Amino acid sequence: MTMMRQGASAQKKTRQPAVEARSALTEGKEKLARARKPQARSSDVADALQSAALDLFAQQNYSTVTIKDIAAATGINSALIYYYFGSKEELFLKAVEKTVDVAFRKFDDVSAGAHAPEEIITSWVEIHVIQFVLLRKLAKISLDYASTRSRTPRVDRAIRSFYDKESVVLGKAIKAGIAQGRFRPVDAEGMSVFISTFLDGCLFRSVMFPRFNHRRAIDDMRRLVLNHLTTGEMIDAQALS
């Protein structure tokens with residue numbers, strides 16, 4: 001019976017990315033519906049265009065997506081898109097900035113009651129579960145954009161801002177834990193890079209392997225990192241979820 005419950009739980013977890021994707025799709029459709037109303041607010045139109053553009057850039061890549069593609073996907077004419085953003089690059093930039101902003105606003109919500117360094121690290125890791133679909137889009141478009149010949153400093157800075165903020169969040173928490181005697185003395189910057197790299201790996205692996213259980217992998221990493229910071233001992237693989 002226990003094995004059956006564990007099997008059902010694992011199956012539920014592997015289906016979770018699809019549930020998250022459907023939720024994001026529904027939210028996108030609702031934004032488009034509001035944007036198409038005759039009396040739609042400028043902010044609704046801009047928000048819908050950024051969300052639709054993010055989806056297209058993630059499904060294809062920066063180089064191939066055109067303003068006409070975004071117009072066709074949203075039902076908003078190209079002239080209006082140019083009116084709001086001026087160019088595809090500007091729309092891409094705003095989509096990246098908005099995604100980074102959403103991620104950190106959610107982190108602020110989740111970590112509002114977190115005070116201990118362990119809680120802050122856990123909150124940041126948890127964001128990659130709560131906002132997995134959104135952050136996977138950001139990771140993919142960032143990688144695609146990095147391979148183009150039309151990179152600009154403004155877009156590079158917007159993408160880099162996510163990692164800079166992540167480094168500050170994790171670095172401060174680890175240093176605080178060391179100062180308070182809660183963590184062992186470790187290389188805070190190196191540990192921050194390790195956590196960031198692992199989380200990126202989960203985002204990209206889920207693109208290649210849709211059935212990849214990112215929730216389990218991320219939770220296992222969190223437990224390994226906190227155990228390393230507090231005791232320095234390795235966790236037996238069988239003890240992981």
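Student: How much space lies in the largest cavity?
Tutor: The model is a predicted one. A search of the whole structure turns up one cavity of 30 Å³ or more. The space in the largest cavity comes to about 60 Å³.

Student: Which element gives the largest share of the lining of the largest cavity?
Tutor: Residues that line this cavity include Leu 135, Leu 138, Ala 139 and Ser 142. At least two lining residues each come from H7, helix H8 (153-179) and helix H9 (188-208). The largest share is four residues, and the element that supplies them is H7.

Student: By class, how many residues in the lining of the largest cavity are charged?
Tutor: Among the lining residues are His 128, Phe 162, Tyr 163, Asp 200 and Leu 203. Asp counts as charged. By class, the lining has six nonpolar residues and two polar ones, and the charged count is one.

Student: How many residues of H7 are buried?
Tutor: Helix H7 covers residues 132-146, which is 15 residues. Buried means under 20% relative accessible area. H7 is mostly covered, and among its buried residues are Phe 132, Arg 136, Lys 137 and Asp 144. Out of 15, the buried count is 12.

Student: How far does H7 reach from its first C-alpha to its last?
Tutor: H7 has 15 residues. At 1.5 Å a residue, a span of 21 Å is expected. The reach in the model is close to that, at 21 Å.

Student: Is Ser 142 buried or exposed?
Tutor: Ser 142 sits in helix H7. Its relative accessibility is 11%. The cut-off for buried is under 20%. Ser 142 therefore counts as buried.

Student: Which residue has its backbone oxygen 2.6 Å from a polar atom of the side chain of Ser 142?
Tutor: Ser 142 is one of the residues that line the largest cavity. A polar atom of the Ser 142 side chain lies 2.6 Å from a backbone oxygen. That oxygen belongs to Leu 138.

Student: What is the volume of the second largest pocket, and which element gives the largest share of its lining?
Tutor: The volume is about 220 Å³. H8 and H9 each supply at least two lining residues. Among the lining residues are Arg 160, Asp 164, Glu 189 and Thr 197. Six residues form the largest share, and they come from H8.

Student: How many residues in the lining of the second largest pocket are charged?
Tutor: The lining includes Tyr 163, Glu 166, Ser 167, Leu 170 and Val 193. Three of the lining residues are nonpolar and four are polar. The charged ones number four.

Student: Where is Ile 76 found, and is Ile 76 buried or exposed?
Tutor: Ile 76 lies in the loop between helix H3 (67-74) and helix H4 (78-85). Its relative accessible area is 7%. Anything under 20% counts as buried. So Ile 76 is buried.

Student: What distance separates the C-alpha atoms of Ile 76 and Ala 48?
Tutor: Along the chain, Ile 76 and Ala 48 are 28 residues apart.

Student: Among contacts between residues at least 6 apart in sequence, what share joins residues at least 24 apart?
Tutor: The protein has 241 residues, and 42% of them are buried. Among contacts between residues at least 6 apart, the share that joins residues at least 24 apart is 66%.

Notes: Residues numbered from 1 in each chain as written. Predicted model: local features only at pLDDT ≥ 70, side-chain atom pairs only at ≥ 80, totals over all residues. Heavy atoms only, no water. Expected span 1.5 Å × (residues − 1). Buried < 20%, exposed > 50% of the residue type's maximum accessible area, 1.4 Å probe, protein only. Polar contact = N/O pair within 3.5 Å; in protein donor to acceptor, adjacent residues only side chain to side chain. 1 Å grid on protein atoms, 1.4 Å probe; cavity = no way out; pocket = protein on both sides within 12 Å on 5 of 7 lines; lining within 4 Å. Points joined across faces, edges and corners; volume = space filled by probe spheres on them. Contact = heavy atoms within 4.5 Å.
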